[in-house]
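Okay, thanks for coming, everyone. Let me put the structure up, and then I'll walk you through it.

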Amino acid sequence: MKFTELGLKPEILRGLKDIGYEDLTPVQEVTFPHVLANRDIIARAETGSGKTAACAIPLVQSVDISLNEIQALILVPTRELALQYVSAISDIAKHTKVAPFAVYGGFPIATQTSKLAHGVHILVATPGRLIDLLYHSPLSLSEVRTFVLDEADEMLNMGFVTDIEFVLSCLIHEHQTLLFSATMPNAIKHLAKKYLTDPLTIELNADKIAPSSLIHCFKQIDRNSHFDSLVGFIEKEDPAQAIIFCNSRLNAIKLSDKLKGKFKSVDLIHGGQEQSRRTSLFNRFRANKVKVMVATDIASRGLDFSHTTHVINYDFPRGKEAYTHRTGRTARMGRKGTAITFYSRGDLNDLKELLRRNRIKPQWLGKEPDMDNLKKKRSSGNYSSKHGKRPNRQRPSNQKRKNNPPRKR
Ligand code: AMP
């Protein structure tokens, strides 16, 4: 189906033409009529499926520009996603008078407050900064008619549940809620049951988690051959653009230092860097000015790098969803991509489970492991097995927030 068949405003069609969107993606075809009809939706969508525009286009279409108030609120887990979301909306709304804006931590709150005072129609926000603004500025959500929760499972994992419930309590106008999540744990179902009205549940590609244009390679290493295997792979494949994932900042720093001695155009991203540095690196990577990016999992959620041809799991991904999220950075929108995962003998049980869960047909580089005769499970594969207990990131209750000044983010 073409965007021109949807009755969209001509200014929006001009914006879509500028960014080269002609046909709707399958996710957009299914969700569009329901979003426009104001229906509540719970959608489990394949990563890289076009879900941002599936929300953003109807939101831009339905803004009433004569009303100088926030009419749509989009909550996302990270600053990078907030920036990506708002830039997608700005492209779509380029020829309209709709004003989108993003607020997130790590940026002066006063600048954000003054921009908000000038009038914003669509606000993209991370939970912490939004709540700080609700407490410390005249920001009002009373005219919000559409509320989008993106990457809802990740927000819950990060301990934002209290914050989300608080934001929901601020939405006093009758509104539509659109909930996007890669997985549907019970906590999400519970949230949806409590706050959504007769939601339409859409399970897109639920039986096929990994994009089909992705090739999944696996290579066994031992401690001595780990780095050389990586170098050999990069030299042989010569990726147009690659992200190399490590499980910790320290590993990522060490690896990027070693790689810089071997290859040009290597950079590093992790959660400990200044926000401005991270943003500029993301922008350079997205513009294909960096060829190899070593990253911790901060780079793995939802972000759209259309040039990335290879995802390399230098460290074996831990936790149930990490493989899907990391490898979802390539093979987006039907493009081709290759994922290679290095594993050691100790990872075999987790590897077997990963292949089963994601229904992956592996390509073995080197010898195929004998997984039928595995002994007792050595590692549970969850975060705590190798790194100690995961830190409790449950955020303070609203009452506590009222009594304590917000901490700096
Ligand atoms: P998302 O899943 O929202 O991160 O989108 C993945 C990629 O698809 C982004 O690069 C979008 O710009 C692109 N995209 C989304 N919708 C369309 C469309 N209808 N036609 C072409 N590209 C699209």
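What you're seeing is a predicted model, where local features need pLDDT of at least 70, side-chain atom pairs count only at pLDDT 80 or more, and totals for chains, interfaces and linings use all residues. Residues are numbered from 1 along each chain as its sequence is written, and side-chain values use heavy atoms, with hydrogens and water left out.

With that, let's start towards the end of the chain, at Leu-374. You'll find Leu-374 in the loop between E14 and helix H15 (383-387). For the cut-offs, buried means under 20% relative accessible area, exposed over 50%, and partly exposed in between (1.4 Å probe, protein chains only). If we skip the neighbours within four places in sequence, Leu-374 is in contact (heavy atoms within 4.5 Å) with Leu-348, Asn-349 and Lys-352. Take Lys-352: it sits 22 residues from Leu-374 in sequence, and the two are 9.5 Å apart, C-alpha to C-alpha.

Zooming out, the protein has 16 helices and 14 strands, and 52% of its 409 residues are buried.

Now the strands. Two strands pair if DSSP finds at least two bridges between them. Strand E8 (residues 214-220) runs parallel to strand E13 (residues 337-343), with seven bridges joining them; His-216, for one, has Ala-339 as its bridge partner in E13. E8 also runs parallel to strand E14 (residues 363-365), through three bridges, and there Cys-217 is partnered with Gln-363.

On to the inside. A nonpolar core here is a set of buried Ala, Val, Leu, Ile, Met, Phe, Trp, Tyr and Cys residues joined through side-chain atoms within 4.5 Å. The largest one has 48 residues, and Ile-57, Ile-74, Ile-122 and Val-124 touch the most other members. Why does this core lie between domain 1 (3-203) and domain 2 (214-364)? Because both domains give residues to it; the domain bounds come from an automatic or database domain assignment. There's also a second, separate core of 35 residues, including Ile-70 and Met-184.

Last stop, helix H6 (residues 127-136). Eight of its 10 residues are buried, so H6 is largely enclosed by the rest of the structure. Among those buried residues are Arg-129 and Asp-132, along with Leu-130 and Ile-131.

Conventions. Helix = DSSP H or I, 4+ residues; strand = E, 2+ residues; numbered from the N terminus.
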